[in-house]
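Welcome, and take a moment to look over the sequence and the structure together. The paragraphs below walk you through them step by step.

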Amino acid sequence: MEQVKIRAMHDGDLDEIYSIDKTILGKDRREYWQMKMELLEQRSPMAQLVAELDGKVVGFIVGDASGWEYGVPDTVGFIDTIGIHPDYQKQGIASVLLKEMVDSFRKVGVDSVSTFVNLRDRDLLDFFEKMGFEKGDMVHIQLKI
Ligand SMILES: CC(C)(COP(=O)(O)OP(=O)(O)OC[C@H]1O[C@@H](n2cnc3c(N)ncnc32)[C@H](O)[C@@H]1OP(=O)(O)O)[C@@H](O)C(=O)NCCC(=O)NCCS
């Protein structure tokens, strides 16, 4: 098997990413992905990455750090979503994607990276814990309307 290649996401990846996302989550997030794709041009190419294996997109990560396209970000980075096609999980691909994003956050001065994970998403929680993430100081509170 070829080495995994990490590159910036582009418009042409929409169908492959959408299909992986739907396989993982079992729900339709086409609108979310269309919105992310529309924002691509305005953002740093490092904000949305894909992992490619033998020319096929097998995983993605979307992150954010406000203002980092200008090199003057907040000190806080955020992971929006990460996903690996089920056939390619447990091969270290998510780790490589996350590492690449964390490295580019670090380069622009970010000193902490956050993400939201549903308590029921055991695989994501285990993954982030393995990557060194710890419970932060913020508590999620909500008002149902
Ligand atoms: C969580 C996820 C991103 C991990 O991807 P992956 O490529 O399989 O992860 P890696 O192979 O890089 O694993 C890195 C480490 O995390 C651990 N890990 C990964 N998935 C795990 C799981 N399901 N349970 C326990 N540990 C796990 C691995 O053991 C590994 O540690 P090791 O190197 O010591 O063995 C992937 O399973 C996934 O996409 N899940 C669905 C996530 C989702 O719902 N995303 C959409 C909404 S945000």
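A crossing of two helices is left-handed if the near helix is turned anticlockwise from the far one by less than a right angle, and right-handed if clockwise. Before using that, please keep in mind that this is a predicted model, in which local features need pLDDT of at least 70, side-chain atom pairs count only at pLDDT 80 or more, and totals for chains, interfaces and linings use all residues. Residues are numbered from 1 along each chain as its sequence is written. Helices (H or I, at least four residues) and strands (E, at least two) are DSSP runs, numbered from the N terminus.

Let us begin with a pair of helices. Two packed helices are described by the angle between their axes and the distance between the axes. Here the axes of α1 and α2 (residues 30-39) come within 10 Å and cross at roughly 140°; such axes are lines fitted to C-alpha atoms, for helices over the stretch in contact, with angles running from 0 to 180 degrees between N-to-C directions. The crossing of α1 and α2 is right-handed. On the α1 side, Leu-14, Ile-17, Tyr-18 and Asp-21 take part, and they meet Arg-30, Trp-33 and Met-37 of α2. Contact here means that the C-beta atoms of two residues, placed from the backbone, lie within 7 Å. By class, the contact of α1 with α2 holds 5 nonpolar, no polar and 2 charged residues. In this scheme Ala, Val, Leu, Ile, Met, Phe, Trp, Tyr, Cys and Pro are nonpolar, Asp, Glu, Lys and Arg are charged, and the others, Gly among them, are polar.

The scale calls a residue buried with 20 or more other C-beta atoms within 10 Å of its own, exposed with 12 or fewer, and partly exposed in between, with C-beta atoms placed from the backbone. Leaving aside neighbours within four places in sequence, Tyr-18 is in contact with Arg-30 and Trp-33.

From there, turn to the interior. In soluble globular proteins, nonpolar side chains tend to be buried together. A nonpolar core is a set of buried Ala, Val, Leu, Ile, Met, Phe, Trp, Tyr and Cys residues joined through C-beta atoms within 7 Å. The largest one in this model has 24 residues, and Leu-49, Val-50, Phe-60, Ile-61 and Leu-97 have the most contacts inside it. At least two residues of this core come from each of α1 (14-25), β2 (48-53), β3 (56-64), β4 (76-84) and α3 (93-107). Leu-97 touches Ile-6, Leu-49, Ala-51, Gly-59, Ile-61 and Ile-82, not counting residues up to four places away in sequence.

Next comes the ligand. It is surrounded by 19 residues, the closest being Gln-89, Ala-94, Ser-95, Asp-123 and Asp-126; a residue is near a molecule if its C-beta atom, placed from the backbone, lies within 6 Å of it. The shell draws at least two residues from each of α1, β4, α3 and α4 (122-130), and α4 gives the most, with 5 residues. The shell has 8 nonpolar, 6 polar and 5 charged residues.

Finally, visit the loops. Asp-54, in the loop between β2 and β3, has a positive phi of about 50° although it is not a glycine. Asp-54 counts as exposed because it has 10 C-beta neighbours inside 10 Å. Lys-5 in strand β1 (residues 5-8) is 49 residues from Asp-54 in sequence and 8.8 Å away in space, C-alpha to C-alpha. In the loop between β4 and α3 you will find Lys-90, which has a positive phi of about 65° although it is not a glycine.
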